[in-house]
Amino acid sequence: MLRYLYIKFYGEILIFQNAMKKGIYFILTFVFLLMTVWTEVRAQSASTLSKVVLVISSYSSDSQRTAEFMGNFERLLNERKYPYVCHIAYMGYLGFEDCQGWTKKMRDVLDGYEKEELAAVVLLGHEAWISYLQPDVTLPDIPFYGCYVNEFGVPIPENMPDFLYWYPEKLDLAEAARKAGHSGGVMNRYDVEANIELIKRLYPETTRIAFITDNSYEGAALGTLMREVVVEKYPELNLASLRGLSYAIPQIRVRMRHLVDNTSNTVILLGTWRVDKSGRYYPESSIKELFPEDFNFPVFTMTGVGLGTWAIGGYIPQNEWNIDHIVDDIHAYNTEQEPESRFVYNPNSYVFSRQMLEKYGLKEQNLPEGSVVLTGADEQVKYYRTLLWVAIGVAVIFACLLILVFWLLYRNRKMNRILQHSNEQLAVAKEQAEQSNKLKSAFLANMSHEIRTPLNAIVGFSQLLKDAELPEEREEYWNIIHVNNDLLLRLIGDILDLSKIESGMIELRPERFDVSVLFTELHTSMRQRISSPDVALLLDIPKTSCMVTLDRNRMSQVITNFVTNAIKFTNKGHICMGYKVDNGGIRVFVEDTGIGIEKEKQAKVFDRFYKLNDFAQGFGLGMSICRAIMDAKGGRIGVDSELGKGSIFWAWFPCPDLVICNDGQDGLLVGENEEEKDLEQLIRKGLNVLIVEDNNNHYLLLERMMKRYAARISRAENGADAVQYALREDFDLILMDIGLPVMDGLEATRQIRKHGIDTCIIAVSAEAFEVNSNHAVEAGCNAFFSKPVQRLELLRSISECESLTKL
């Protein structure tokens, strides 16, 4: 009985305890909800009684910059007890290609507020700053301030340009802000000249600077500023602009590898880096993705990006808060005191990484006076710093959970506006896609027409040539076929050059030659292209010879495109081609008395696919390729024209090592005909030749060309047979096609070399890219040339094999 009473009593106690716990939990929950609602009501009440400081951030809501600014800004307002409430709007700007929509985004944000309720507008980042400075956007009588902005920027283009060649004039943002209204803020002043002088001080042999910057507004501004300083003050330096406006990370890696492999005196200078051409947003650590693993060239930074990971150092602005004067100025303006609006510039200083200085063997005593050398943090300090950030992260997550409900309510209010904006963007995207499809169709149709035109003449007159009986007819048909062959090859060459431009790879192969001889040869060949008796082709060159080290083929390509363009639009008068030595370089020009070009169209002449006359032959690639060549060489290109009177197309090639000789001394280079005769005399006769070619027509062409030099010619139709032939018989020369069945030509060459056979092997390929030439040499070939086969190119390749010459 006692045990039963004890158990019952104990059970009643447990029930009472559970009830007490549930009651306490209920009371605590109710108190917490009551306090939360009271806090929200007070905040709403304060927001209705106080004016709003609207902070508009260019960045996303999780940006560290925005969070740090808001923390310091609100702390100063509370310390000074100023009666203002901070509202923040995140614009989420990314790539510069979206700049056409920035102004509308800014207007949408400002339309959500009445002018009377705003105490000030604070703009964080360059994109928000330039958007607010646009006409019909700035709010009159409302003070505005900029932070995380630069002194100089660029205007937002009215129409989207081709960013590969877009370098607008710089814009003084501080002056523009002063004209727009009561303004101030904190600015950076990047010193390009100081960074270049630092590079020249530590690496005096530098001849090329590769400047890397991203696809943001700041990146576009830094690219323009860099180019302006180099052109005006450092013309001796070659500037390679690797901008995220024009390239994605993989393309920049390829271009950088190409630069450093071809120039030993190259230095990399980093600008800002957040967004590339693809529009993808990268963290600061992504700067590592730009550099190959075995990269060992010196890197400097103008903004602090990459310092300590890849960059040695630089003359860098030190980002300090300096926002006290903004808070005080806002209050003075709104209380009708005397505001002292001004722009404060962050100081610059030389900052270096000790680790990178040691890596490149640079001494601290050689650094500029007052330089700061940073040392990596101690591992234990890093460990506790990590723990601290983890704790802060946990606290932030907990706080986010408490305000999740209120955030969801706020988000729902925005859904209709966001949905409407998304529909507008979809409509714009649809229109752009339709326009892109129309341009693609027009381009393909035009290219098809241009290729079929010479192909039609080649096919048709080839059939007529077989039935022609008179020698005069045969010669006429052959001349027509030859002219259309040249036209077709030029079209294909332009398409290949366009592909190289799109991939960011322009091949430059400098050689020593005489510019006067080049112009004489081109003048002779181009005269045959003029069909009108009313047009004369004149030659205006100095009487002296001029020896230079440049890419002869690229200079010839520019001149030929200029003359070809002049022939199209000149029906009467003359075309004059020539050159002169100008400011340490060669200025080539082609003057005509043709139809001329309207002023508003002159800026578009060098754009891709642009044609002044839709009925003129060609599809608008020649002039754009010329500009790409000049940009890759570090030169300049332009046109001077007057409608109805003619045009002058010109290009300036920098050439610091040119030599001018009187009376054609110092070895004028011979023309192609004389070179072909010399090569024929140099190559010995009676060769034993193996031609590896699966196409009967191509084999027949090579067999006819080699007949005068060979005593015996054999043929293999695939790579495997070629290896067996080479093992059985001792050949003097093997002409190896790359694209073969069974076993390709490169693998066949490797197999032949593995057996110790040192026969001269020349690779032949229908693919003309430089990478195929490199692969052929790596496989063991002695030389390489591309189809269509030209006799002179074949003889040059054979002469490169010492075993086949008479020397």
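Let's start at strand β14, where both faces are covered. Asn-348, Tyr-350 and Phe-352 on one side are buried, and so are Ser-349, Val-351 and Ser-353 on the other. Buried here means under 20% relative accessible area; exposed is over 50%, and partly exposed lies in between, with a 1.4 Å probe and protein chains only.

A word on the source. This is a predicted model, where local features need pLDDT of at least 70, side-chain atom pairs count only at pLDDT 80 or more, and totals for chains, interfaces and linings use all residues. Residues are numbered from 1 along each chain as its sequence is written, and side-chain values use heavy atoms, with hydrogens and water left out.

Back to β14. What does β14 pair with? Strand β12, residues 313-317, pairs with β14 in the antiparallel sense over 5 bridges. Gly-314 has Val-351 of β14 as its bridge partner. Strand β15, residues 372-374, pairs with β14 in the parallel sense over 3 bridges. There, Phe-352 stands opposite Val-373. Pairing requires at least two bridges found by DSSP between two strands. Helices (H or I, at least four residues) and strands (E, at least two) are DSSP runs, numbered from the N terminus.

Now the open sheet. Four strands, in the order β9-β8-β10-β11, pair in parallel. The edges are β9 (238-243) and β11 (299-301), each pairing on one side only. Neighbouring strands are turned by 25 degrees against each other on average, direction ignored. Strand β8, residues 208-213, joins β9 through 6 parallel bridges. Ile-209 is opposite Leu-239 in β9.

Which helices lie across this sheet? Helix α6, residues 192-202, lies across β8, β10 (266-270) and β11, and runs at about 150 degrees to β11. Helix α7, residues 217-233, lies across β8, β9 and β10, at about 165 degrees to β8. For those angles, axes are lines fitted to C-alpha atoms, for helices over the stretch in contact, and values run from 0 to 180 degrees between N-to-C directions. Contact means heavy atoms within 4.5 Å.

One more helix in this part of the talk: α9, residues 324-334. Its buried residues are His-325, Ile-326, Val-327, Asp-329, Ile-330, His-331 and Ala-332. Just after α9, Glu-336 has a positive phi of about 55 degrees.

Next, the cores. A nonpolar core is a set of buried Ala, Val, Leu, Ile, Met, Phe, Trp, Tyr and Cys residues joined through side-chain atoms within 4.5 Å. The largest has 39 residues, and Val-515, Met-555, Ile-559 and Phe-562 have the most contacts inside it. Helix α15 gives the most to this core, with 6 residues. A second, separate core of 36 residues includes Val-52, Met-91, Tyr-132 and Ala-174.

Take Ile-559. Leaving out residues up to four places away in sequence, it touches Leu-518, Phe-519, Leu-522, Met-577, Val-588 and Val-590.

Then Arg-552, in helix α15 (residues 552-568). Is Arg-552 buried or exposed? Arg-552 counts as buried, because its relative accessibility is 15%. Beyond residues up to four places away, Arg-552 touches Arg-509, Glu-511, Phe-513, Leu-518 and Glu-521.

Now Val-55, in strand β1 (residues 51-57). Its relative accessible area is 0%, so Val-55 is buried. Its contacts, not counting residues up to four places away in sequence, are Phe-69, Met-70, His-87, Ile-88, Ala-89, Val-122 and Leu-124. Val-55 and Ile-88 are 33 residues apart in sequence, yet 4.6 Å apart C-alpha to C-alpha.

Zoom out. The protein chain has 23 helices and 28 strands. Of its 807 residues, 44% are buried. Among contacts with a separation of 6 or more, 72% join residues 24 or more positions apart.

Last, confidence. pLDDT is the predictor's confidence in each residue, from 0 to 100. The chain averages 78, and 79% of the residues score at least 70. Over residues 377-384, pLDDT stays under 50, and the model has 2 contacts beyond four places in sequence for them. Residues 663-672 are also below 50, with 18 contacts in the model beyond near neighbours in sequence. Where pLDDT is low, the predicted coordinates should not be read in detail.
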